[in-house]
Amino acid sequence: MANTRIGLRALRPLTLTVCASCRRPFSQTARALAGPQKEEKSLDSLLSTVDASYRSADYQNIIPAGSEGDYKNTMFREWEEDEKHKLNVYATKHNTHITLANPKRDSLISVSCGNIGFRKAGRGTYDAAYQLAAFVMSRIKDKGLLPQIKQLELIYRGFGPGREAVTKAILGAEGKQVRPLIIKLSDSTRLKFGGVRSKKPRRLG
């Protein structure tokens, strides 16, 4: 025990020396003052800056040299007012809807298979959709809408039996007068990417 006490007494000065060497004095440097605070710009001033930058920008440098005319025509076509009538075909598994709209998107003709006498399961058949398309073609002619329609855009939505039936009617004798007016064909079928869980498929039998 005596030897242990002597050893501890010998280590105490060394411990105090090491602890003193590890201590660091506090910094004596004066604290730097913060720089001048930036003034908050109002929303109106920011918008005016953006507007001024937009007006002063030179967009002619974007167009390659030698083909300025082609690019200008493309830009004008993209921004010009749409003058096409729309023929919307909504084909579901149970029914088919056809709507004719003017360039301002006002509905001129809007009918479905139920409007021409088909009921319940008969509305979702191929024959019902074909007769509906023929009815719409004759209705366009009877109402005197053909002279008003300069250009027509055909828009499909859905993959029901009415999709093919309307196509056959337009390509047949029923669509002889409407077919030359169609200049654009588009598909607006909704496609789901992810989303909520789908409804459980119905299984019979």
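Student: Is isoleucine 155 buried or exposed in this model?
Tutor: Welcome! This is a predicted model, and isoleucine 155 sits in strand β4. Its relative accessible area is 14%. Buried means under 20%, so isoleucine 155 counts as buried.

Student: Which residues is isoleucine 155 in contact with, leaving aside neighbours within four places in sequence?
Tutor: One place to look is around aspartate 187, which is 32 residues from isoleucine 155 in sequence but 5.5 Å from it in space, C-alpha to C-alpha. With the neighbours within four places set aside, the contacts of isoleucine 155 are Lys86, Leu87, Asn88, Val89, Ser186 and Ser188.

Student: Where is glutamate 153, and is it buried or exposed?
Tutor: Glutamate 153 has its place in strand β4, which covers residues 152–157. The cut-off for buried is under 20%. Because its relative accessibility is 6%, glutamate 153 is buried.

Student: Which side chain makes a polar contact with the side chain of glutamate 153?
Tutor: Start with the contacts of glutamate 153 beyond four places in sequence: Lys84, His85, Lys86, Leu87, Lys184 and Ser186. Among them is the polar partner, whose side chain meets that of glutamate 153 at 2.6 Å. The partner is lysine 86.

Student: How many helices and strands does the protein chain have, and in what order do they run?
Tutor: The secondary structure comes to five helices and five strands. Reading from the N terminus, the order is α-α-α-β-β-β-α-β-α-β.

Student: Which residues is leucine 152 in contact with, leaving aside its neighbours within four places in sequence?
Tutor: Leucine 152 is one of the residues with the most contacts inside the largest nonpolar core. Counting contacts beyond four places in sequence, leucine 152 meets His85, Lys86, Leu87, Leu100, Val178, Leu181, Ile182, Ile183 and Lys184.

Student: What is the relative accessibility of leucine 132?
Tutor: Leucine 132 lies in helix α4. Not counting residues up to four places away, leucine 132 touches Thr96, Ile98, Val111, Ser112, Cys113 and Ile116. Leucine 132 counts as buried because its relative accessibility is 0%.

Student: Serine 112 touches leucine 132; is serine 112 buried or exposed?
Tutor: Serine 112 is found in strand β3. Beyond four places in sequence, serine 112 is in contact with Asn95, Thr96, His97 and Leu132. Its relative accessibility is 10%, so serine 112 is buried.

Student: Which elements do the buried residues of α5 pack against?
Tutor: Helix α5 spans residues 161–171, and its buried residues are Gly162, Arg163, Ala165, Val166, Ala169 and Ile170. These buried residues pack against β1, β2, α4, β4 and β5.

Student: Is arginine 105 buried or exposed?
Tutor: Arginine 105 lies in the loop between β2 and β3. Its phi is positive, about 70 degrees, although arginine 105 is not a glycine. Exposed means over 50%, and with a relative accessible area of 59%, arginine 105 is therefore exposed.

Student: What is the phi of lysine 120?
Tutor: Lysine 120 is in the loop between β3 and α4. At 68% relative accessibility, lysine 120 counts as exposed. Lysine 120 is a residue other than glycine with a positive phi, near 50 degrees.

Student: Over which ring does the charged end of arginine 157 sit?
Tutor: The structure holds zero aromatic pairs. A ring does have a charge over it, though: the charged end of arginine 157 is 4.4 Å from the ring centre. That ring belongs to tyrosine 90.

Student: What percentage of the residues of the protein chain count as buried?
Tutor: The chain exposes about 16,900 Å², with carbon and sulfur atoms supplying 55% of it. Among contacts with a separation of 6 or more, residues 24 or more positions apart account for 60%. Of the 205 residues, the buried share is 22%.

Definitions and conventions:
Residues numbered from 1 in each chain as written. Predicted model: local features only at pLDDT ≥ 70, side-chain atom pairs only at ≥ 80, totals over all residues. Heavy atoms only, no water. Helix = DSSP H or I, 4+ residues; strand = E, 2+ residues; numbered from the N terminus. Buried < 20%, exposed > 50% of the residue type's maximum accessible area, 1.4 Å probe, protein only. Polar contact = N/O pair within 3.5 Å; in protein donor to acceptor, adjacent residues only side chain to side chain. Contact = heavy atoms within 4.5 Å. Areas by Shrake-Rupley, 256 points an atom, 1.4 Å probe, with all protein chains shown as cover. Core = buried A, V, L, I, M, F, W, Y, C linked by side-chain atoms within 4.5 Å. Phe/Tyr/Trp six-rings, centres within 6.5 Å; stacked < 30°, edge-to-face > 60°. Lys NZ or Arg CZ within 6 Å of the ring centre and 35° of its normal.
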